Amino acid sequence: MVTVKIKKIDPRASCPTYATAGAAGADLCALLDAPLTLSPGETAFVHTGLAIELPDGYAGFVYPRSGLSSKRGLAPANKVGVIDPDYRGEILVALHNHGTAPATVEDGERIAQLVVAPFLHVDFEEADDLSDTQRGAGGFGSTGTGVPAADAGEQKTEEPLAQIPDAAKLREEAIALYHGMGAPFDRRAAVEKLKEAADAGDILCRARLAYLQCIGDEIAGIPVNREEGERELRPLLSALEAEVNAEVPDAMLLWGNLLVDGAGVEKDDHRAAELYYRATELGYAPAANALGQCYSFSVGVRMDAVRAVGCYRRAAEAGFAPAQFHLGVCYFDGQGIRQDRTEAAKWYAAAAEQEYAPAQYTLGRHYSQIMNGVENDLAKGVTWLTRAAEQGLVRAMTYLADIYHHAGTNEGDLRAARWYAEAAERGDLYGMKQYALYLETGRGGVARDPERAKALLLAAAKGGLKEAELLLRDRHGKI
């Protein structure tokens, strides 16, 4: 009998047990704070609260439980997990719902079985030739078919294997797009790639999508739906926390964001700042930018404009566009560093060239007004504002529309109407009010529609826009 040491990382954990005297596998039980429901195609890392010390020459193999997999569709995502003898971390089961209906796992439920077996390390010797056998090079499905072996020189064509999504590669591509690291900013493309990675079973990408629902993303076109976002987050938190503890930088950044916003977890600014700091020390530019925001706005740390600038510079010089923009703001306002609006414009431009919409909007405003740092050049201003508006930045839409509106030309009215309509469609109160004016008069090629104009003014007024309320009273009397 081989003795294997088991350590309870959590006192609530259950040691592996054999169901019968002849069982090959010992049951592993889930350690959960609350029942975990997995949707079809969903994967979650389930804690066991156990660590193991396997003897040299032995490995642990985590297999599905036949009843759980055949009746409820729940089995390890990697089919068989391997625990090496030198691993001392917690045993986690990547449980996947292979079925067509949601399935719920309860705390203490048996979720997999652990088989301890010996293995061999062999010496691999490179050779020019291998010995002949009857099977030869026959591959998948080549034995037991009753089909005679192909004659020498006869070509056999194997059916190609189904392409399995590479979740790790998809995650890398999604995070690069999302943060604009190694690729221009493209939040809409990033969200599509996040969805691909999530569908392939990547927990971090699923969690980031859920977080985006909690806070909304104007550029990506994701409206705020905090209740739904938190519902999506809850079953992912344990697995995400495991990545945080393993010091995966983007997991640390995301967990910090959850703590700052109180999204799915208890709000803890101090802990968030600590995580941003740790990820910054690992050289992760987006975390350095987040830490700069903490110092700028006293989130979990004392306000320190000089340290904020240091964090922004570190991330900006690594090419992170939001940090380049924030560094530009520091130079423009003289916060934590000498005021230098020419230097500010340089950093705004660096971020704008990477398609970072807030920088494009800011640079567009600066060019379209008489401001320090750049020459007054309305054409350049309109170009930058248009690029930001086309990405979906609503404040760029309304600012650009105002420029066209005040131009006093037919062409200007046509363009202004387009951008006011787009802003109104996205729920912008000022855009609603302005587009209502076009609907009332038929200006800019818009078909006159007084009733719709009144409805837009009423919606803007109810949203709290005083100008819309005054216009309603002026045109329609008591609201």
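This is a working chat about a predicted model of a protein chain.

Biologist: How many helices and strands are there in the protein chain?

Modeller: The predicted model has 19 helices and 10 strands in the protein chain.

Biologist: Is the chain compact or spread out?

Modeller: The protein chain is more spread out than a compact globule, because its radius of gyration is 30 Å, well over the 23 Å that the globule rule gives for 479 residues.

Biologist: And what box do the C-alpha atoms fill?

Modeller: Roughly 90 × 60 × 55 Å, taken along the principal axes.

Biologist: What share of the residues counts as buried?

Modeller: Of the 479 residues, 45% count as buried. The protein chain exposes about 25600 Å², and carbon and sulfur atoms supply 51% of that area.

Biologist: Charges next. How many positive and negative ones?

Modeller: The protein chain has 50 positive and 68 negative charges. Their mean positions are 8 Å apart.

Biologist: Switching to single residues. Where does Arg 65 lie?

Modeller: Arg 65 is in the loop between strand 5, residues 58-63, and helix 1, residues 66-72.

Biologist: Buried or exposed?

Modeller: Arg 65 has a relative accessible area of 19%, so it counts as buried, the cut-off being under 20%.

Biologist: Which side chain does the Arg 65 side chain make a polar contact with?

Modeller: That of Asp 27, at 3.3 Å.

Biologist: What else is Arg 65 in contact with, leaving aside neighbours within four places in sequence?

Modeller: Besides Asp 27, Arg 65 is in contact with Arg 110, Ile 111, Ala 112 and Gln 113.

Biologist: Now the threonines. Where is Thr 362?

Modeller: Thr 362 is in helix 13, which covers residues 357-368. Thr 362 is buried, with a relative accessible area of 14%.

Biologist: Which residues is Thr 362 in contact with, again leaving aside neighbours within four places?

Modeller: Phe 325 and Tyr 348.

Biologist: And which helix holds Thr 386?

Modeller: Helix 14, residues 378-390.

Biologist: Is Thr 386 buried or exposed?

Modeller: Buried, because its relative accessible area of 18% is under the 20% cut-off.

Biologist: How far apart are Thr 386 and Asp 413 in space?

Modeller: Thr 386 and Asp 413 are 16 Å apart, C-alpha to C-alpha. In sequence, Thr 386 and Asp 413 are 27 residues apart.

Terms used. Residues numbered from 1 in each chain as written. Predicted model: local features only at pLDDT ≥ 70, side-chain atom pairs only at ≥ 80, totals over all residues. Heavy atoms only, no water. Helix = DSSP H or I, 4+ residues; strand = E, 2+ residues; numbered from the N terminus. Buried < 20%, exposed > 50% of the residue type's maximum accessible area, 1.4 Å probe, protein only. Polar contact = N/O pair within 3.5 Å; in protein donor to acceptor, adjacent residues only side chain to side chain. Contact = heavy atoms within 4.5 Å. Rg over C-alpha atoms; globule rule 2.2 N^0.38 Å. Areas by Shrake-Rupley, 256 points an atom, 1.4 Å probe, with all protein chains shown as cover. Lys, Arg positive; Asp, Glu negative; His and termini not counted. Charge placed at Lys NZ, Arg CZ, Asp CG, Glu CD.
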